[in-house]
Protein chains: 8
Amino acid sequence: MNEDARLDLGRRQRLGMVEAVWGEHKSAEQITAVMLGLHQAGELALVTRVSAEKALAVERLLADQLGSGGADPPPQHHPLARCLTWPAPPPADPAFGRVAVVSGGSSDLAVASEARLALACHGVASDLVLDVGVAGLHRLLAELEGLRRARVLIACAGMEGALPTVLAGLLPQPVIGVPVAVGYGVSAGGQAALMGMLASCAPGLTVVNIDNGYGAAMAALRILQLANGVASAAGEQGP
Amino acid sequence: MNEDARLDLGRRQRLGMVEAVWGEHKSAEQITAVMLGLHQAGELALVTRVSAEKALAVERLLADQLGSGGADPPPQHHPLARCLTWPAPPPADPAFGRVAVVSGGSSDLAVASEARLALACHGVASDLVLDVGVAGLHRLLAELEGLRRARVLIACAGMEGALPTVLAGLLPQPVIGVPVAVGYGVSAGGQAALMGMLASCAPGLTVVNIDNGYGAAMAALRILQLANGVASAAGEQGP
Amino acid sequence: MNEDARLDLGRRQRLGMVEAVWGEHKSAEQITAVMLGLHQAGELALVTRVSAEKALAVERLLADQLGSGGADPPPQHHPLARCLTWPAPPPADPAFGRVAVVSGGSSDLAVASEARLALACHGVASDLVLDVGVAGLHRLLAELEGLRRARVLIACAGMEGALPTVLAGLLPQPVIGVPVAVGYGVSAGGQAALMGMLASCAPGLTVVNIDNGYGAAMAALRILQLANGVASAAGEQGP
Amino acid sequence: MNEDARLDLGRRQRLGMVEAVWGEHKSAEQITAVMLGLHQAGELALVTRVSAEKALAVERLLADQLGSGGADPPPQHHPLARCLTWPAPPPADPAFGRVAVVSGGSSDLAVASEARLALACHGVASDLVLDVGVAGLHRLLAELEGLRRARVLIACAGMEGALPTVLAGLLPQPVIGVPVAVGYGVSAGGQAALMGMLASCAPGLTVVNIDNGYGAAMAALRILQLANGVASAAGEQGP
Amino acid sequence: MNEDARLDLGRRQRLGMVEAVWGEHKSAEQITAVMLGLHQAGELALVTRVSAEKALAVERLLADQLGSGGADPPPQHHPLARCLTWPAPPPADPAFGRVAVVSGGSSDLAVASEARLALACHGVASDLVLDVGVAGLHRLLAELEGLRRARVLIACAGMEGALPTVLAGLLPQPVIGVPVAVGYGVSAGGQAALMGMLASCAPGLTVVNIDNGYGAAMAALRILQLANGVASAAGEQGP
Amino acid sequence: MNEDARLDLGRRQRLGMVEAVWGEHKSAEQITAVMLGLHQAGELALVTRVSAEKALAVERLLADQLGSGGADPPPQHHPLARCLTWPAPPPADPAFGRVAVVSGGSSDLAVASEARLALACHGVASDLVLDVGVAGLHRLLAELEGLRRARVLIACAGMEGALPTVLAGLLPQPVIGVPVAVGYGVSAGGQAALMGMLASCAPGLTVVNIDNGYGAAMAALRILQLANGVASAAGEQGP
Amino acid sequence: MNEDARLDLGRRQRLGMVEAVWGEHKSAEQITAVMLGLHQAGELALVTRVSAEKALAVERLLADQLGSGGADPPPQHHPLARCLTWPAPPPADPAFGRVAVVSGGSSDLAVASEARLALACHGVASDLVLDVGVAGLHRLLAELEGLRRARVLIACAGMEGALPTVLAGLLPQPVIGVPVAVGYGVSAGGQAALMGMLASCAPGLTVVNIDNGYGAAMAALRILQLANGVASAAGEQGP
Amino acid sequence: MNEDARLDLGRRQRLGMVEAVWGEHKSAEQITAVMLGLHQAGELALVTRVSAEKALAVERLLADQLGSGGADPPPQHHPLARCLTWPAPPPADPAFGRVAVVSGGSSDLAVASEARLALACHGVASDLVLDVGVAGLHRLLAELEGLRRARVLIACAGMEGALPTVLAGLLPQPVIGVPVAVGYGVSAGGQAALMGMLASCAPGLTVVNIDNGYGAAMAALRILQLANGVASAAGEQGP
């Protein structure tokens, strides 16, 4: 039997997605090995939950292993999104249209940024609409026309998490709610926001795990691939 | 020591409130005894959580005990609010102004009705504004001018419980949120609504226990007594 | 202020959806009134969580109110889905393609049927794929080619809820997980399935509330409207 | 669409409140930017959950941006309340009367101080009554006459959180309970205190989120504005 | 191996207690068999959680098995305490002094009665002090002198469960708190009362399971046996 | 009104206990002030949850305030029990007999030591019986004769918390269970041990909050005072 | 795609097990159809969680479908185990040795019986050892020699669930804990027992879901097949 | 009574296991004392949850106590498994065959390594199969033939924890699930994985506490001892 870590290199063919690596519980050494493996397979590497310190350590380890000149281009750390990418994400594919990533407060910025970066890694452009929490409804209503043009809405919210409910009651597009682990007392850890989104009275709102910006992006990608006729093509090739 | 049930007859003097009786876990015999005790003390009886069957049994027991003619007037059962009152609530005191009892859906009607009846028992008039849940925001916005005239807002909501948050972001009055135990899955039992109201990003929203329409009414009464200068008067007489 | 129940008749224009009525906590009288209101507005009525007994009572009340001949056609009760519809759902619109409603065990049938009926009310055809739980993986693998042709997958599962995870790892389409409240011990009430779906390691799986077949259908409808270019059209008309 | 953070500058007009900024998850840079924005709009800045270190960093950043002389007056950090204010709060408005902030133990001091500072930022004077927990009831009874003169009571308590219940049973004023996250075992995180306050048998006690001293203050402000006839005035100007 | 149910007949020698039988999940047949077994061993039978219907069935089964005349004396059903005893409890032993069973509201009567009956089965007299909840503190203070004479206090409370905390802050005796499963919302099932008692700031309050009146009585018995020098005697005889 | 911290100096007269100070959330300055206050009142100071660092800081502050020679004798820090005492606890009073503090594993030592020190502060001697967890039952059975001589048993246990259940099934004395916050997974934070002790099938076991060694000691003290006839004496003097 | 329910008829070949049917949420019609399907495939049918009423309905439906003479032999309902089997289980295979099913109290009998019946359906003999809860340890110790001869131990316990821990500390065989949903307060629903077993300090105890007697039996079967060399044989034939 | 820590030296005779020491809450001094005690008794020491820093401190303390040359051989720290062993584990006993330790992702490596080391300490060889999570099912299917040769399967998984369910549906051997505390949001702390494994629809899967690699190994050892006829031999010697 094989004790080595193994990559899911068929994911792009099977699902039309790169394999993102969850970096939180991995050492810099483990991350470096995975990134080299993806690189050798010609895949873009997207590593989430990477601190600036760990990113620096990875960069050094990569340079050690790749010798003179190091990685060219070097991996890029995105501090807001807390992610590493290598090489640079592809240019946006206009066929996807635009996704709106909407956020209740600037404390949700890390999660919103992870979602936008994950979209960018698949060629999907997005717009960020910040600080439109439901306690000041006029700010949200003022953005409504712009939001109407997005193909998919990703709504990030902590505290009571009512933003996706209000959006899904006003707009007909797919709305993906991302509960965010900001808050204190009953909202600590994002539980209140998660429950609020699941319990929503707005029809057709769907939800991903707390802080899972990456997951929301992949759900949006599945939708856009379907809308563009890509999903069936990818699907035809199967596992 | 005294093994009898005893009434808190000083509550009106101390707090300006009648002593409501929580009827859920009490037998018709226990309720009848308490109602007679309050009657003899010249107090209005308000018994909450009483089914139509139990109310009928109480009415018969009262008739048995009071002899020919029975209770005059008879106790009144309010089926929507699931409460018994005896004798009739006093006329509304215009000095209190009006309270708005706002509700997300008609499934919240029992709780909203309990709140309105408890207000009426203290001479406070109220208006009911139904079906203004946040998934159809235009219905709420259409009522905004009317709501602006209420002195206190009691907002009842089940599911994700976002209604009080939206109200408290739009209007400056005291807003009291009442989570309602309607819903299924994560909103069963009112937990999601309770957490959503407590976690609310709207400043100055306060909350009572799930389904506690009576408690919300008493909180509104405390506020109105203060605003009318009644509270200090009552308070002066002390325990 | 207006104390009457009010319908969200703009929902079709705003979101492209009929307003479904959650029947669980409503009396036959309340349901009848809502159905007549929708009928007069020319809307299809879809009432969820209605027992056979309550459906019969509604039918009688409708007949009473509509006079000779009663409702024509009469409302239809769907016992598996526990829903009432009136009049019949429209014929399926082939432009939507087909949705696959996949279920781990026949205990999930009520939820799967609610999802399929809600799709049908919007002209969306669906296929039911039963008994493909992950404890007998070969049954799922045998259906894979058929599932590949669906445009959206709705996966209903109780117990540990692993079915949507396995599906979303194999297929590129949008996958919506519906936790189902079957099971006992830690899976009672659907909590284990809900947590399992949210915690899923499959990229881009989204989730709705426990037993919310209707919500999953509406999420699928949002996706199909986008894919068909309907969403933007509906969206253009705004709230 | 607009990716910048935006302030809710209409909050004072709409609700009669300054916009408090929740500083916990924000960087010194983010806080500085918000404070400058409020300053330019002529608003008082109140930033909660700011450590002494972060406050110092903000002060330096402000000095850098404002040039010679820095902020004049400089922002003030309140170590007990863990808040920043800029410029100084206004003088107390005697029309508001006084609020009593009551606390079960000196471990609740941070939350009580946040409530008092938030009141002060709106011109409301308050008194602090410390160490009157229910395990030594005589200490509370000794303060009762003084408490009777307060217009609103804010009661902070950790552990079992019984203090607001006892107060609301003795006094007729509005009582706002603030559960405090001190304690260990079942009271860790403030859950036992929160549940105890919500479950209270005292009529008309309302509750805010754990540690939400600011929220309790804003609830008191809504009440005082109503009592003073300010609320309706503010409300007239609308959103 | 032995498949029969077996009684713990050594419990009286080991612990000085009769073996109480928890009747809730047992059939009338199972209860009858256990009662006969205890009877033949010369032990008093105390069966808790027995409805009136089940008690009647047990009485009939006993009569069938014991033949002419049936059980003499017959088993006695205590409807408030929901218990069966057979034969009658012994007379009270004055050496134990008296236990006070204190209760917040008459909804706690079933649990208080179970505690008193379990004490009586061991020859311990008790007094019931009803309706002394903390929301009307004067009623409790009025009973204080009487309570001071009890040797042990058993305090039953639902809702927020603050009664034992207040008692244990005022009186030096052992205080045993019994959370009671009355209430709704967060206090449903007795969880809030349980947490409140465990989190209590009163020193030396101990707690038993929700609704466990029997357990509180046995804890009081252990204390009284120690105080009377019985415990060591019983203990000497060992298991 | 009085904003100073105030001590409950009547506690010894009322309850026969010194007022212990919970040091966890208090600064060295706050602790020093309280200790000086108790000292001036002639009371022993017992401060729980004090780290070695904070204890050192308190000692320095005391020396600063008391001038030449500092505190004489100096306060003593007990590292295992994480407590400060000042002055030394009194000699043990043989009339109390001995308490056995029993512990499942050496990870429970801190809690067991807090209980023993709190007893010692009231003149009660205790014995520590370590490492007698139920997974190696022979170790417990070997100590049974010694345990039989204790007047009260305090049983500390983490993990599944079965030790007090087994003890209370074997021995007739009062048994007080203390759940301990050691363990991982489901036993993290002591929740499994707490639930196990509350759910115990052993009659008359009582429980205190997780890690509350002090509370268990005070419960034992209440029992010993009663057994020694001290409680009634103390009680006579009242609040 | 195939909308019919489908059986996992390969389970015997793959796992050496019959496919048990969970009857709780299935109608008599659904159960009948599954039983006929298994019958036609030559498989034994084991349906769990079937009430006596539903069993009778199934028997009638089978008779209707099978015509004259009905099922021969008829299906058998096991009232204690709440299961249906058809045809009779095979005779016990002595090569498996014996499993001991141990139970803390007679309230656990339903779960213990389900485990024993599921074992019998696979030819495994078992012994039932009742009423050996840890509160009366001597009863358990008296059975120890008999238990030593069992090959696998299945320990069912409600309340605090300590029985499997004590067993696994005394005996070297595989021990499988089954939490049972009897109890009240914190042990209601079996949660305390489940947590106690998972948190156990006894090495190598494993656990199944609450009330899952069938699952414990299948875990024992896997072990016995391995011990008898059957597992590898079955495994060789693969899925 | 004996206040010293005492070892369970009879565990090997009673259960065929060494006594593992849980190092998390123990100081280096406590660990050193236990290791010396085991060493003097001729037992292998296995200490779990030991950081590299603490291991170094233990090594130094051992050297101090053992004098010139220190421990020979020195204790060995296993960084992945976070364990100390002393002396080296014995060689693998081929009679046990091999255990497969299967893991969903490389974040589960610490727990899988603890399980493997605990097996090695008892002479059981194991194979590690990494990165076979259910989101990429083909990787698991590719390993199936190898897994078929293992005698027992230990399946470690975080996130939704579906891996053991899929394995137990495909293979007939005993399968022990170990939930792993990796993940975020609902899967933080391993709760979702634990619930998923307990709720599993795969027959005969058993579960241990979150992160309890040691416990899973001991469960496997119990099974292998039974299969090899060792258990009964050990069992015969009794406690």
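**Reading a helix, an interface and charged pairs**

Reply: Let us begin at the end of a helix: in chain E, helix 2 is followed by E:Gly42, whose phi is positive, near 75°. Please keep in mind that this is a predicted model.

Me: Which residues of helix 2 of chain E are buried, and against what do they pack?

Reply: The buried residues are E:Ala28, E:Ile31, E:Thr32, E:Val34, E:Met35, E:Leu36 and E:Leu38. They pack against strand 1 (20–22), strand 2 (45–48), helix 3 (52–66) and strand 4 (83–86) of chain E.

Me: Let us turn to an interface. How many residues of chain A and chain B are in contact, and how much area is buried between these chains?

Reply: In chain A, 22 residues are in contact with 22 residues of chain B. The area buried between the two chains is about 1,900 Å², and carbon and sulfur atoms give 80% of that area. On the side of chain A, A:Ala135, A:Glu160 and A:Met195 lose the most area to chain B, together 29% of what that side buries.

Me: Which helices of chain A supply residues to the side that touches chain B, and what classes of residue does that side have?

Reply: Helix 5 (137–142), helix 7 (163–170) and helix 8 (191–198) of chain A each supply at least two residues. The largest share, 5 residues, comes from helix 8 of chain A. By class, the side of chain A that touches chain B has 15 nonpolar, 6 polar and 1 charged residues.

Me: Where is B:His122 placed, and is B:His122 buried or exposed?

Reply: B:His122 is in the loop between helix 4 (109–120) and strand 6 (125–129) of chain B. B:His122 counts as buried because its relative accessibility is 10%, and buried means under 20%. The side chain of B:His122 reaches the backbone nitrogen of B:Val18 at 3.1 Å and the backbone oxygen of B:Ala118 at 2.9 Å. Among the residues that B:His122 touches are B:Phe96, B:Met218 and B:Leu221.

Me: How many salt bridges does the structure hold over all chains?

Reply: Side chains of opposite charge can pair when their charged atoms come close. The structure holds 40 salt bridges over all chains. In one of these, the side chains of B:Glu43 and B:Arg12 meet at 3.1 Å, N to O. B:Glu43 lies in the loop between helix 2 (28–40) and strand 2 (45–48) of chain B and B:Arg12 in helix 1 (residues 11–15) of chain B, so the pair ties together parts that are 31 residues apart in sequence. B:Glu43 is buried, with a relative accessible area of 13%, whereas B:Arg12 counts as partly exposed at 38%.

Me: Where do the partners H:Arg148 and H:Glu145 lie?

Reply: H:Arg148 and H:Glu145 form a salt bridge, with the closest N and O atoms 3.2 Å apart. Both lie in helix 6 (residues 144–148) of chain H, 3 residues apart, about one turn of the helix.

Methods: Residues numbered from 1 in each chain as written. Chains lettered and ligands numbered in written order. Predicted model: local features only at pLDDT ≥ 70, side-chain atom pairs only at ≥ 80, totals over all residues. Heavy atoms only, no water. Contact = heavy atoms within 4.5 Å. Buried area = accessible area lost by both parts, 1.4 Å probe. Helix = DSSP H or I, 4+ residues; strand = E, 2+ residues; numbered from the N terminus. Nonpolar A, V, L, I, M, F, W, Y, C, P; charged D, E, K, R; others polar. Buried < 20%, exposed > 50% of the residue type's maximum accessible area, 1.4 Å probe, protein only. Polar contact = N/O pair within 3.5 Å; in protein donor to acceptor, adjacent residues only side chain to side chain. Salt bridge = Lys/Arg side-chain N within 4 Å of Asp/Glu carboxyl O. Lists of a residue's contacts leave out its neighbours within four places in sequence.
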